[in-house]
Structures are given as C-alpha cells and as structure tokens.
Amino acid sequence: MNTAAAFPLAALVKATVVLFAIVGFSPVMTWFERKISALAQDRMGPNRARVPWLEKLPLIGGLFRFLGRIGIVHPVADALKMITKEDFVPDRADKLVHTLAPWIALVPAFVTFAVVPFGPDIRIGATIQHLQVANLEVGILYIFALSSLAPYGAALAGWSSNNKFSLLGALRASAQMISYEVCMGASAIGLFMIYGSLRLEQIVLGQQDLLWGIVPKWGVVVQPLAAILFFAAAYAETKRAPFDTPEGDSEIVAGYFTEYSGMKFGMFYTAEFVEMIVLAGLYVSLFFGGYLIPWVPAGWALTGQAVAGVMVPGFVWALLMLGAFLLKVAFFVFLQFQIRWTLPRFRYDQVMRLGWKILLPLSLANILVTGLVMLW
Amino acid sequence: MELALFVLFGTLAVLGSLGVVLSRNPVRGALWLVGALFCLAVLFILTDAHLLAALEVLVYAGAVMVLFLFVIMLLNLREEELGPRRFTPVKALAVAGTVYLGWLMAVPMWKAGRVPPAAPADYGTVEGVGMLIFKNYLLPFEMTSLLLLAAVVGAVMLAKRRM
C-alpha cells in the first residue's frame, strides 16, 4: 500500500499515453460532432477548411484535398483560430479567478480517466501489467470525488466574469451538477452490491461470467434500471443539451462562459469533450463489460487461446479487447451526440424536477430492490 | 519521497488555511478552503487512509464547499459592505486560543515519538472502514445520521415557512 515508493515507470508511461490519447481524441470529436449535427439537420457539415500549398503538391495533394472535403482539417483551423484570437478579460472581472476557472474545469475532467481500465492484463517480459493507469482500492469513489469538483470550473467562471448572465449560468450549473451527482452515485450502488467491489477492474472482471450459461453478466443485464438512470445523470453532468440550461443560449447568452474568448473558451470546450469521453469509458466499464468481448474470458490475453485449431497468441486477444473498448466508447460518444442534436432543451425547473423527484427516488428504489433480491 | 510529499502538502494546507482566514474576498476565502481540503486529502492518502481521502474530497470539497460558494455568490458582497479591516479583542483571543490548542496537541505528539504504531492490514480500506462503522461503531454512526436527518428536516421546515 506504499503508494509513494511503489511508483513505477510503467504507471508514468500509461498515464502519458492515456493523457495524449484523450487530448488527441477531442479535436477528432469536434469533427465527429459537426458531422453528426449535419446529419441530424440534413446538411453537408464542414467541408471548406483547406490546407494551403500542400494541396497543390503532386501525388499527396489529392489526399489533402480529400481531407479538406470531408472536413477533418476543420478542427485544425478551429484550434489555430482559438489560439490566435484575442484573450479578453472584462474590466471589472476578478482577473485571477477568471484565468483559473478554465483550468479548474479542465483538470478534473482529464484525471478522472486514470482509474478506467481500457484493456486486460497483459504480459510484458516477466511482468504482468494492468492496462489501467491506477488500480485504486476506492476505484469509482475517486471518479465521483473528482467529478464533484467539476462545478467549480463553471461556478467560478460565471462569478468572476462580473456579468449577470454569467452568474445566472454559474448558479444553474452548480445547482444542476450537485443534484445529478447524488443520483449518479446512488444509481451505481446496486452494481457495487452485485460485483462486491469499488475497483473498476473488479467490476469489469465480474462481468465476464455468464448468466444461465449464455448471457454475459454485464451491468446492463443485471441492473437495467440503474443503467438508464446512471446514463441520464452522468449525461446531465456534462451540461449538454437537453441539460444545457447553464449555457442556455436563447435565455442567458452563453451562460457561465459568456465572457470567455480565445483559448480559455477553448478549454471549456475541450473539457466538455473530455467529460464525454470519460462518461463513455466509465459507462462502458460499469454497464457494458468494459474491454471484454462477450464470451471471451479476459485471461486469454495472458495465456493465448486456440480457436478452430489455430493458436491465437495473447497479445492478439489483448489488441482485440482494446479495440472492443474503443468501439464501445465510440458508440456511447456517438449516442451522446445523437441525444444532443435530437432533443430540445429542458426548462430549468424541469431539470430540477427530473433530478430530484424522478431519477433520485428511482435510484434509491433500485438499491432497495437489489438488496432484497440479493437477500432472497 | 513520502516525507517530501508530506512537507509539501502539509505546508500548502497550512498556507491554504491561512488564506481562508486572511483573505478579504469571501469567494477567494472559500477557494482557499477548497485548496486546503484538497491538501488534507493528500495527507490522508500518505497515511494510507484512501477511503477517507476520497470521501473528504467528495463530501467537503465537492458538495459542502460548492453549496457555500453558491450562497456566497448569491449574496454577492461588495468591497464597501465588508467594512474596514480592524483588529478587535475577539480576534486577538481567537489567535491566542488557536496557539494554545496547537500547543496542547503538539506536546503529547512530540512526546509520543516519531515512529507510529503499525496499522492493521485492512486499515483505511473500504472493507476496513465499513466494518468499523457498520459493526463496531454502528450505534454512534446511526445516531450521527439521525442528527443529519434532523438538520435536513429542520432546513426544509425553515424554507417551507417562507413559501
């Protein structure tokens, strides 16, 4: 349990890789979101951001023209715009807090992914490595603890801007996030009761058993109600439509980040996308078997397994499971985009009523029923 | 490594607490408190109390302080309303009391020596703490929860009267 002394190089490598993967994914996600919004609204989506000069080269020029046409150059143009834009701080703003707020929004979003297992145990040389940055004993409580810090980013941004719309957005954001945190925590308790651990690793491994010999014991199978409640609550935490009352562009301009421009705005924007990735990763690990492929035990990644007489080595299974994890995460990111671009915004009182009067009682009832079933 | 972390975060916790007391702006004061609580959580981790650390951040930094901040932001105190900075006898007494309390705590700790007794294997784990609060100390724990329930009911009553 000596955390400080047992800090290995492997953890550093894993942390770096995960961090860069998430940073790398968020611009791709802006492109993905624009394409999906275009799909939802029957448009073409971004297709005019071009790469100057490189397009005119012989041979590879065609590739760059193609990239421009499908809009993948757009995130690059976006990033350049945000970095070069004037960074404006309002005159009467609290300058220190105004500058600090985007960081406070961004950092918790990034570090929560540390406890999400993204692959099975693999053998590297003589050692066995978990594909997870930190296998904490408190596991998911770490995620809840850090995501409970997320309201600070929004609240402080809105307060420090010294703008009444920003302050309204900040108040809405903190009230909404506190409300839905309660429900998110309560809806996951049933899972801990069933898998008997807070470690995400253990929860994922618990899902490789089979119910009645056929159905994988995924969280969604044993806790269907919790799966819905958790997704709704966690989705509300990301503050995206239909839960985007803290931004509410038709009511309060842009809510808590009205007074932000340039890269500081970009950081709020990035934080939102990172939160979506974390949500998807966490949701997959809790309810959809994490990196597991149905009917394939995680142990095959260590030992290898023969399929139809052909020996398939462990690393191939590990790669397949890693791919399964990415695929599942991509699906739930896609689902979030679909919801975002399909449903209209709730009114603020509706958000509160849904959280406290519908989702919370249901998740408490879910705990009770789970306990009764387990006793019986 | 552990000692370095302890010194770093211990110092930061003390600085954060001083920031709470000394900052004029209530929002900044609340922020300092969040920072201090966070450093305290790191100190808990250094003593192997992982569950306590997670709960500290979850409950105090994540829930209680957000509500504090919420109220402070709603009040939106201005510089004029805070009044001039004065040194009153009450403040002097508070400082003296703090120093005395620190002295009372420091002396026995110094005498007890620097090597802490070995902790049991399940110390600070979810199972260990769960066993303690739901088995050994069930009655005090449940009584605390009743106390909280009473506070919740009282708060609802106070709010309802005005509606």
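**View 1. The interface of chain B and chain A.** In the predicted model, 31 residues of chain B are in contact with 27 residues of chain A. The two chains bury about 2600 Å² between them, and carbon and sulfur atoms account for 74% of this area.

**View 2. The side of chain B that touches chain A.** Elements giving two or more residues to this side are α1 (2-22), α2 (26-46), α3 (50-75) and α6 (126-136) of chain B. The largest share, 16 residues, comes from α3(B). By residue class, this side of chain B comprises 22 nonpolar, five polar and four charged residues.

**View 3. The surroundings of A:Trp341.** A:Trp341 belongs to helix α14 of chain A, which spans residues 314-342. Its relative accessibility is 27%, so A:Trp341 counts as partly exposed, a class that lies between 20% and 50%. Leaving aside residues up to four places away in sequence, A:Trp341 touches A:Glu33, A:Ser37, A:Ala40 and A:Gln41. With A:Glu33, A:Trp341 makes a polar contact from side chain to side chain at 2.9 Å. A:Ile36 is 305 residues from A:Trp341 along the chain, yet their C-alpha atoms are separated by 7.9 Å.

**View 4. Residues 1-6 of chain A.** Chain A has a mean pLDDT of 81, with 97% of its residues reaching 70 or more. Over residues 1-6 of chain A, however, the pLDDT is below 50, and this stretch has nine contacts in the model beyond near neighbours in sequence. Where pLDDT is low, predicted coordinates should not be read in detail.

How values were computed
Residues are numbered from 1 along each chain as its sequence is written. Chains are lettered from A and ligands numbered from 1 in the order in which they are written. This is a predicted model: local features need pLDDT of at least 70, side-chain atom pairs count only at pLDDT 80 or more; totals for chains, interfaces and linings use all residues. Side-chain values use heavy atoms; hydrogens and water are left out. Contact means heavy atoms within 4.5 Å. Buried area is the accessible area (1.4 Å probe) that two parts lose on being put together, summed over both. Helices (H or I, at least four residues) and strands (E, at least two) are DSSP runs, numbered from the N terminus. Ala, Val, Leu, Ile, Met, Phe, Trp, Tyr, Cys and Pro count as nonpolar, Asp, Glu, Lys and Arg as charged, and the others, Gly among them, as polar. pLDDT is the predictor's confidence in each residue, from 0 to 100. Buried means under 20% relative accessible area, exposed over 50%, partly exposed in between (1.4 Å probe, protein chains only). A polar contact is a pair of N or O atoms within 3.5 Å; within protein, one must be able to donate a hydrogen and the other to accept it, and residues adjacent in sequence count only if both atoms are side-chain atoms.
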